[in-house]
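Please look through the structure below with its charged side chains in mind. The paragraphs after it go from one pair to the next.

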Amino acid sequence: MLKPGATIGILGGGQLGRMMAIAAAQIGYRCHIYAPEQDSVAAEVSAEFTCAPWYDREALATFAAACDVVTYEFENVPVEPLSAIPADLLAPGTKALEIAQDRVREKRFVEDVGGRPAPFAAVDHDSELADAVERVGAPGILKTRRDGYDGKGQWRLAQAHDAQGIRVPQSGSVYEGMVHFDCEFSVILVRARDGEVRFWDSTHNTHEHGILAHSELPAPAIVGEQVAEARALAQKVAEALGYVGVLTCEFFATADGPVFNEMAPRVHNSGHWTIEGAVTSQFENHVRAIAGLPLGDTASVAERIVMDNLIGETALEVVNHLSDTRAHLHLYGKAEAREGRKMGHITRVGEG
Ligand code: AMP
């Protein structure tokens, strides 16, 4: 168990690291951010900051030597240079990163533990696309194997013919059949060092332009019917990875049961409501898990909880947001508002 006062290293300098560092500070830990960009909103609220490239092994080793545990808030941290960090210092480990960084590996891994992703076919070259569309069927979505997030690196194919002229990215891609779903939900769990697992309530998530816009409790009845199966799968994923910390699995609720969409080996946007809406937030429980502390209660504190993302320019209209005096406003301190950029979020707990 890490004593308060110990230093938690966080790879990645964005808003997830910022909220993690704030939660860590609340229970007496110091955070040290490692990020390649100078303008880190996580570093702003942390004790230490190393600004260095992901492939700078010397800087990574020096950073690790100054930390009592190292975690990540960004799933696309390159895995290869992480060997500069002692493996027993890193939680969750590199296996979760390797799998989550490659959509094809991720889907095969989930199938191996008994889960059901959308029908898919790996497409590594242009010449393989037509065959993949033929086998999986149209409509569907071609997604980059790597580095995709928030709907980026995706091409929707309404019919097989649309595949003509598409250039498959060099790092490969995966073609997925379009899933007909009632709604989307996520399972967020925390797994402690001793293997104890706790789940937060699953919100109904709605996306706009591929980006999460809104998470809401209570979720529709279909989520309640399917959440036990989805949780069992997420737990198997966590166990197979020997996972420590918060893990998120996203699902489509369909007429045939939950279909796995993707996983994030980290705290997740669809869990931001837990800061005010659960007894213990995803950020605090992640810190507790990696520090070897007992986990906190994950129960929701109200039946109705909503979280709205603040995206783009209008996010900074603070007075408008605060006209609802019950709104919990979070702004991430980003200097520049751009279209599609997550600038903050608002949580409302209870009726109203
Ligand atoms: P992703 O980045 O893969 O999570 O995709 C972003 C969003 O696109 C998802 O949250 C869904 O709303 C939608 N989407 C992705 N894949 C599929 C699919 N196979 N079928 C239907 N909708 C999808």
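The side chains of Asp126 and Arg167 form a salt bridge, with 3.3 Å from N to O; the term stands for a side-chain nitrogen of Lys or Arg within 4 Å of a carboxyl oxygen of Asp or Glu. This pair links distant parts of the chain, since Asp126 lies in helix H5 (residues 126-136) and Arg167, 41 residues apart from it, in the loop between strand E7 (154-157) and strand E8 (173-177). Helices (H or I, at least four residues) and strands (E, at least two) are DSSP runs, numbered from the N terminus. Asp126 is partly exposed at a relative accessible area of 36%, while Arg167 is exposed at 62%; buried means under 20% relative accessible area, exposed over 50%, and partly exposed in between (1.4 Å probe, protein chains only).

The model is predicted, so local features need pLDDT of at least 70 and side-chain atom pairs count only at pLDDT 80 or more, whereas totals for chains, interfaces and linings use all residues. Residues are numbered from 1 along each chain as its sequence is written, and side-chain values use heavy atoms, with hydrogens and water left out.

Within helix H8 (residues 282-291), Arg288 and Glu284 are 4 residues apart, about one turn of the helix, and their closest N and O atoms, 2.8 Å apart, form a salt bridge. Glu284 counts as buried, with 12% relative accessibility.

Another salt bridge joins Asp308 and Arg348 at 3.6 Å, N to O, and this pair connects strand E15 (residues 305-311), which holds Asp308, with strand E17 (residues 342-349), which holds Arg348.

Finally, Asp102, Asp124 and Arg145 are linked in a network of salt bridges, and the count comes to 17 salt bridges.
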